[in-house]
Amino acid sequence: MKIVLLSDIHIGSKKNVPGRTPVDCLRAAVRHVLDKNADADHCILLGDLTDTGADAEYAVLRDALAPLPMPCHMIIGNHDEREAFKRAFPDAPVDADGYVQQVFDAGAFQFLLLDTYWPGHGGGILDGGRLDWLNDQLTASDKPCLVFLHHPPFDSGVPGFEALRLQDRPALRSVIAEHGAKVAALFSGHCHMTVSATVAGRPAFGMRSLFYQINQDFEDPALKGSDTAPPAYGVVLIDGTDLTVHSVDFDLT
Ligand SMILES: [Fe+2]
């Protein structure tokens, strides 16, 4: 089984990255997926789909994703807007409380998609019963689970992200620790960099942005974007319950 991960697209961003715009990057990524990974079983978008959550940005996103043949599942990030997302994708699953959370079954795994959106903040949060939802899904599942969320469940070590962190990291860690190996792995975006970690002993992977990368500076408190690091998307190869995680660079031509 193969999964494609698209993260931090930021449709509508005016950020000046020489030679690229978010929509050019998304269209190039879709072309690359169609050329090299059209056999993927699912595509998961890891949030920051748009830059400001405007309806027009979601319309551009929807059109650019249309050529992908596999099911696309989406979560939202701090740059999104939950109600605008729901207007643009009225068929996207939400949980009983209206959060953009869903569970689906594929291969040896249950896929759990979490909503860490915290209106008005760059960081994330799992209040309003969202952590309970995760705990309930993990308890109910008779399969190992892959968990997807925009904000990393770990400290990246890049100080600029501390103000933008997931507020509930300790509580999330406790839920993961309680379920142990049933949490097979976690995948996140937000940091615009390739980073791997463990959380309560479980593997966690942070993915690069489809648009621009952020410098891995462990001293500078200010986040700085790279003008040259290439855009990338993730490919997860699944053999039974074994995972191999790739970050795939692509160019815009
Ligand atoms: Fe983000």
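Hi everyone, let's start with helix α4: its buried residues pack against α3, β4 (102-106), β5 (109-113), β6 (145-149), α5 (169-179) and β7. Please keep in mind that this is a predicted model.

Which residues of α4 are we talking about? The helix covers residues 130-140, and its buried residues are R130, L131, W133, L134, N135, Q137 and L138.

Now to the metal. Which protein atoms are donors to the iron ion? They are OD of D48, OD1 of N78, NE2 of H150 and ND1 of H190, at 2.2 to 2.3 Å from the iron ion. Along the sequence, the spacing of these donor residues reads D-x29-N-x71-H-x39-H. N78 sits in the loop between β3 (72-75) and α3 (82-88), and H190 in the loop between β7 (183-188) and β8 (195-199), so this pair ties together parts that are 112 residues apart in sequence. N78 and H190 are both buried.

And the geometry? The angles among the four donor atoms run from 87 to 168°, and the site is irregular. For reference, the ideal angle for four tetrahedral donors is 109.5 degrees.

The structure has one cavity of 30 Å³ or more, and the largest cavity holds about 50 Å³. Our iron donor H190 turns up again in its lining, alongside P152, F154, D155, S156, F161, E162, L164, R165, L166, R169 and C191. Sorted by class, that lining has six nonpolar, four charged and two polar residues.

Methods:
Residues are numbered from 1 along each chain as its sequence is written. This is a predicted model: local features need pLDDT of at least 70, side-chain atom pairs count only at pLDDT 80 or more; totals for chains, interfaces and linings use all residues. Side-chain values use heavy atoms; hydrogens and water are left out. On a 1 Å grid over the protein atoms alone, a cavity is a set of points where a 1.4 Å probe fits but cannot get out, and a pocket is an open set with protein on both sides within 12 Å along at least five of seven lines; lining residues have an atom within 4 Å of a point. Grid points are joined across faces, edges and corners, and a volume is the space filled by probe spheres set on the points. Ala, Val, Leu, Ile, Met, Phe, Trp, Tyr, Cys and Pro count as nonpolar, Asp, Glu, Lys and Arg as charged, and the others, Gly among them, as polar. Donors are N, O and S atoms within 2.8 Å of the metal (3.2 Å for Na, K and Ca); water is not among the atoms, so sites may look incomplete. Four donors count as tetrahedral if all angles lie between 85 and 135 degrees; four count as square planar and six as octahedral if opposite donors are over 155 degrees apart and all others between 65 and 115; anything else is irregular. Helices (H or I, at least four residues) and strands (E, at least two) are DSSP runs, numbered from the N terminus. Buried means under 20% relative accessible area, exposed over 50%, partly exposed in between (1.4 Å probe, protein chains only). Contact means heavy atoms within 4.5 Å.
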